[in-house]
Amino acid sequence: MMGCADEKLTIEGNGGATISSEGYLSMSALSVDCRIDESDPEVGVLSTRATRASVDVSNFDCSIINEENEVVMSFKYSERPTEPVELETGDYILKIQSGDVPGAAWETPIYGTEKAFKIVRNETESISEVVCSLLQIMISVSYSDDLYERLGEDTKTTVTIGGNSLVYVRNEKRAGYFLAPQLSNNGVLAINGTYAADGNHDTSKPTNVTKELSNIQAGQHRKVHFFIEHAAEGNINIGVSVRDWVTDEIIPCNVSDLIAEEEWTESGEG
């Protein structure tokens, strides 16, 4: 009977030297930064990196995953190995993520990234810097000043993406963060409340409108803005504009399905 206590491949060369089938990964110089999308409607996207003070990376989860999609090592960023780690030769991925992505939550951005690397026998691969990006869809809702004054305090906008929803009250300033279950996702805006056409809230009428958002992707910040739109014939409609922002790239958005002639009329119908 033959047995093997150590399955590592070793070859003894001249002089008894042992050549291993493993290589090494060094993470002693690894640093993690988070890319933050700061958008300005006038100048576009200002791509900046968050400071360590604004995003605590110490508790980011780190995993080393092999070609069989197996996690061969996991640790917190603050507990990363200071000495080279021995790994079998092959292709790997270093996955870093700040936490689990909730279905929908207020002001809860989750950042992450994956970096591929290769381990070569008897060589040391070093990873020194990675930049994490937003893993969710960011949605903010706002109203023009004149429209805001005509909407009742009970007006709410419900945003739903992938079955997860958040309710934005009229004066909501926070951004909502949504799970992106697909590469391209659809969303629904449901606006419910009251609207005073003449500015007199004693004569307010119920307003209920549902619109769709299409092709929403992780990493995008969609700014939904409602405003009063004056039609050529003198009627007043309520229009919707959507600005799409993503770090380092502006995503074109077709809003033809959001702004239509039959959009909310001054009388509250439609």
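In which sense, parallel or antiparallel, do strands S6 and S7 pair, and over how many bridges? In this predicted model, S6 and strand S7 (residues 71-76) pair in the antiparallel sense, and five bridges join them. Cys62 is placed opposite Phe75 of S7. Five residues separate the two strands of the hairpin, in which Asn69 adopts a positive phi near 65 degrees.

Strand S6 (61-65) also contributes to the largest nonpolar core, a set of 27 residues in which Phe60, Ile64 and Phe117 touch the most other members. Two or more residues of this core come from each of strand S4 (31-40), S6, strand S8 (85-88), S9, S11 and strand S13 (129-134). In soluble globular proteins, nonpolar side chains tend to be buried together. Phe117 counts as buried, at 6% relative accessibility. When residues up to four places away in sequence are left aside, Phe117 touches Leu25, Ile64, Leu87, Gly90, Asp91, Tyr92, Ile93, Leu94, Glu125 and Ile127. Apart from this core lies another, of 21 residues, which include Leu166, Tyr168, Ile191 and Val242.

Aromatic pairs number three in the model. In one of them, the ring centres of Tyr92 and Phe117 are 5.6 Å apart and the planes stand at 10 degrees; because planes under 30 degrees apart count as stacked, this pair is stacked. The pair links distant parts of the chain, with Tyr92 in strand S9 (residues 90-97) and Phe117 in strand S11 (residues 111-119), 25 residues apart. Tyr92 has a relative accessible area of 8% and is therefore buried.

The rings of Trp106 and Tyr168 form a further pair, with centres 4.8 Å apart and planes at 75 degrees, so the arrangement is edge-to-face. Here too, distant parts of the chain are linked: Trp106 belongs to strand S10 (residues 104-106) and Tyr168 to strand S16 (residues 164-169), at a separation of 62 residues. Tyr168 is buried, its relative accessibility being 1%. Tyr168 is also among the members of the 21-residue core.

Charged side chains are found over two tyrosine rings. Arg80 lies over the face of Tyr77, 4.1 Å from the ring centre. Over the ring of Tyr148 sits the charged end of Arg170, at 4.0 Å from the centre of that ring.

How values were computed. Residues numbered from 1 in each chain as written. Predicted model: local features only at pLDDT ≥ 70, side-chain atom pairs only at ≥ 80, totals over all residues. Heavy atoms only, no water. Phe/Tyr/Trp six-rings, centres within 6.5 Å; stacked < 30°, edge-to-face > 60°. Helix = DSSP H or I, 4+ residues; strand = E, 2+ residues; numbered from the N terminus. Buried < 20%, exposed > 50% of the residue type's maximum accessible area, 1.4 Å probe, protein only. Lys NZ or Arg CZ within 6 Å of the ring centre and 35° of its normal. Core = buried A, V, L, I, M, F, W, Y, C linked by side-chain atoms within 4.5 Å. Contact = heavy atoms within 4.5 Å. Pairing = 2+ DSSP bridges.
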